[in-house]
Amino acid sequence: MLNSTARPWSLTGIALLTICVAFTSKLRAQEGGADAPAQPIIPCELDTEAILNEKGIFSPSASDGVWTLTPTAGLVLFQVPLKLDKPETEFELGFNTIRVTGGRLLAYRIAYDIEQSLEIDKKAYDLPETTPRFTRRIVIQPDGLIAWKLDRFIPNATLTGTTGYAMRIDPSLLNNANPGSLPEIKQNADEDYRAFLIRRQIEVEDYRKKVEAFRDLRKAVLELPTDISMSIPPRIWAVFEIRGNPDKVTLEGTRGQPWSIDYAAFEAMRKLVSVDALTTDGGISPQVYSDILPIVTELQARPHFNTYRMAALTLTQRDIVRMATVDDPIYRLAQLVLKGNDTHGRLLLIRELAATIPPTAASTTLLKTVAESLDPQTQLLTLTGLLKTDLTQPVAIRELVTGLNRLLGDSKGPPPENILENIEQNGPMHPGLVAVVSQQTDMAAMPDARRAEFVRTTVAHAVDSPLAAAWLDRTLLGSTDLQVVRMTLETLRDAEVGPAGAGVVGKAIGAIFKSPKDQANEQAVPRVRLARPIPIPDASHSIYRVLQSADKDIRALAWTVLNRFRFDPPAEPATSPDAPDERYAQLTLAALGQRPVPPEAVEFLLHQPRSDLVGEQLMQFILRTTGQASRQASEAIIGLNAPLGELLLKRSYNEREEFASRLYFALTQNVPRVTAILRHRVDNHPVATWLGKQISEGTLPDPSRWINAYSQVEDLFALIPSNDESLAQGAVAVLVNSAGGDDSIVDKLTRDLRALPSPTVPALMQEWTNISRQVLLDRIRNSALQYSVSLLVHPPMADTNAPPQSPEKIAVGSTRITYLSDAVSFGNLKITVKVSDSVLGLEIATPAEVGQFGSADLSRLSLDTVPGPWIIRPFYDKSWQGSIRTPDGRTLDLILKPQN
């Protein structure tokens, strides 16, 4: 409200305040005739809402933390709020762009508002508090930024304080912080020499610190940017100084036609938006009618879109129009606005009248000025108006929510899909507004059929529409009404996944019904079609809530529909590739809290994009579960393309061993003793790295192959004398299994090795040389089993980048391995077999002799061309296996497996 305290001049009588918003470039083009070149549109207009609401438009001074502007004696500051748009080409607001007759532009002020009375999301426009926001020129850029340079002089401005920018502008302020030269330090007459030296050292150190501080300050000041930019803010201010008692104020240079307003009407509007129109008994104050009359007169005399809009704001911000009676001043002013040429103002008034409940004779009659009835299309028009307002304002947001709930709850209103489409076309809403709208959507006000339609629409569009996604999250799955949650989950369960149809958000509601026979038995209910799984943006999504619902039916249904969702990469890239993504861990926690653990959790994880996080969670399942869940996770992790070695190294020392033990038990029902080697308390454990790589490549390595994890076998022998006996047993188990032995001899052999007089690494290695051959021979002697013999034939790899082809399997026959008088044989076959002298295994000296097994398929392999020896090694499962390469590039795997 403007009053005598807001400005120093007298308001007696009716002063004429003429604010002419003149598109001067257009006028010049008109003066030049039809052939005058087209001028660019000025991307700047008067902010009518701010000029009505802000109290600091007329002020004695203004400050931005660097400068303080004070008008010349006898003058006042007139701060004009302006809205900026992105221009087609770069545009400069300079000293001659915006002009006030009888006033002088001191500077542009880049601020959200004057007294922070208008709530705005300031995070997008934050600059350090010490950044100068007064400038004489602003460049508006097509990319949505404004830029300005540091001004070293602004009329009527003085520097405020001693900030960094103040020092950059006035070097004397920086020089004042200079400690200068080191003052002479003398010994006092009564001061002990030792005390003097100590004091001198302290003073010199203090001076040094001051010099360093000044050096750092000077560097920081000199590095302050003189070119400043930010996103276009909701508004800026043109700060003028004007005479204290002008007849009129003329504003030129903004978009729009010349605009004049009687000062009494201007003052009346500012007064009406700042005071309560109601009396203490709930009636309307008679003063309101007196204040509205000059506004009516002004619109009748000088109709202008700015005046229409300000009048609409005046009628709606204090609910004044709801107090109207037919033909009173409020009614007549509303009539003028509804018939005026400002679409924005008309829509403001339409939504206010449509929200008048119960309707009054005046509201009903006024709405007929726009339409004979509020049909669905007209209702969507009111929604469009709500969406076109300044949705940074709390009152506008409240009105949008109220209007949206009214449309959604009206059984005769536009379909929810049309409502959502209207929002998407006239948006988009920023994330904060989406959150508010979704949290305040009232499903309780919807009739049952309308509610079901809303659920189907929301589910169908949740993939592509931010608002539908938020509705699904907060309004539906986040509802305290279990019926709403169940209906949503059932809709998701019955949804089909496939290509989306056409439309602004995808016409995904399919007219998919049961067959005629099924329809005779079931109610035909439209099903929805999802273009793809619905993104779960963060770990606070309500899907986690229903996955852990106290209602077992809801909980079971939620796990069933989990495959309708997906962890898409975040819309905003993480500041670091190693930034945590809590969605994966949160899902695991939800699953591990169930009894039994739902199998859908592991299945869901396997389809998510972050294989490293999937691997981390599968490890959790293996470590924290048993039975089916552990087996499922164990099967899933084999062949997972993820850095499992790195993930295993991040586990505690005990968890490394536990993970390997549980993995083997889940997949083989046996825990080999070699897993104890992972007890070794070293950070970069070679076995952990090797094991993770083997698993990620699709192999659960046989215990006989664990020795391959060590590039230096001496490192393995160094663990046998360890104080941790289990670790020593693990090391011995690795050696024993590599030699063809089994875990039954590990304990005794460990005791024997640790009992050596001097169990050094060389001594242990020498002892093992003798033992290993004996272990292998014992394996051969005890091989009183019948073996089935098969051959895998791998084709040559012509292209190393091509995917491997499946090998051909040939059933060769069966045999026994016998050991008699230090000789090895395959039953009665005349195959030359001996214990290898170089490796722990058996050697078939002449590969062609394998043909004696008699399989017809062996004859086509040309084994007589394959050079020997063919070495086969013992495996943990009592089998023997070995590979050999043929001259034509094929690989032959000979496998002897015990028959059951």
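A salt bridge is counted when a side-chain nitrogen of Lys or Arg lies within 4 Å of a carboxyl oxygen of Asp or Glu. The model discussed here is predicted.

Q: Which residues are linked with R199 in a network of salt bridges?
A: Side chains of opposite charge can pair when their charged atoms come close. In this model, a network of salt bridges joins R199 to E191 and E203.

Q: How many salt bridges does a search of the whole structure find?
A: A pair counts when the nitrogen and the carboxyl oxygen are within 4 Å. Among the pairs is E697 with K693, whose closest N and O atoms are 2.5 Å apart. For the whole structure, the search gives 35 salt bridges.

Q: How far apart are the closest N and O atoms of D857 and R860?
A: D857 is partly exposed, at 35% relative accessibility. R860 is also partly exposed, at 42%. These residues form a salt bridge, and the distance between their closest N and O atoms is 3.9 Å.

Q: Is E697 buried or exposed?
A: Exposed means over 50% relative accessible area, and buried means under 20%. The salt-bridge partner of E697 is K693, which counts as partly exposed at 48%. Because the relative accessible area of E697 is 52%, E697 is exposed.

Q: What is the relative accessibility of D568?
A: D568 forms a salt bridge with R566, with the closest N and O atoms 3.1 Å apart. R566 is partly exposed at 28% relative accessibility. D568 likewise counts as partly exposed, its value being 21%.

Q: Which residues touch the most other members of the largest nonpolar core?
A: In soluble globular proteins, nonpolar side chains tend to be buried together. The largest nonpolar core here has 114 residues. A second, separate core has 86 residues, including A62 and I350. In the largest core, the residues that touch the most other members are I637, I677 and W706.

Q: What does I637 touch, not counting residues up to four places away in sequence?
A: I637 belongs to the largest nonpolar core. With neighbours up to four places away in sequence left out, the contacts of I637 are G615, L618, M619, I622, L644, F659, L663 and I695.

Q: Where does L562 lie, and what is its relative accessible area?
A: L562 is in the loop between α21 (552-560) and β21 (565-566). Beyond four places in sequence, L562 touches I543, L547, L587, E600 and F604. Its C-alpha is 9.5 Å from that of E603, although 41 residues separate them in sequence. L562 is buried, because its relative accessible area is 1%.

Q: Where is P596 placed?
A: Most residues other than glycine have a negative phi, and most peptide bonds are trans. The peptide bond from R595 to P596 is cis, with omega near 0 degrees. P596 is placed in the loop between α22 (582-592) and α23 (600-605).

Q: In which loop is P869?
A: The peptide bond from G868 to P869 is cis, with omega near 0 degrees. P869 is in the loop between β26 (842-844) and β27 (870-874).

Q: What is the phi of N156 near?
A: N156 is in the loop between β12 (145-149) and β13 (157-159). N156 counts as partly exposed, at 25% relative accessibility. Its phi is positive, in a residue other than glycine, and is near 60 degrees.

Definitions and conventions
Residues are numbered from 1 along each chain as its sequence is written. This is a predicted model: local features need pLDDT of at least 70, side-chain atom pairs count only at pLDDT 80 or more; totals for chains, interfaces and linings use all residues. Side-chain values use heavy atoms; hydrogens and water are left out. A nonpolar core is a set of buried Ala, Val, Leu, Ile, Met, Phe, Trp, Tyr and Cys residues joined through side-chain atoms within 4.5 Å. Buried means under 20% relative accessible area, exposed over 50%, partly exposed in between (1.4 Å probe, protein chains only). Contact means heavy atoms within 4.5 Å. Helices (H or I, at least four residues) and strands (E, at least two) are DSSP runs, numbered from the N terminus.
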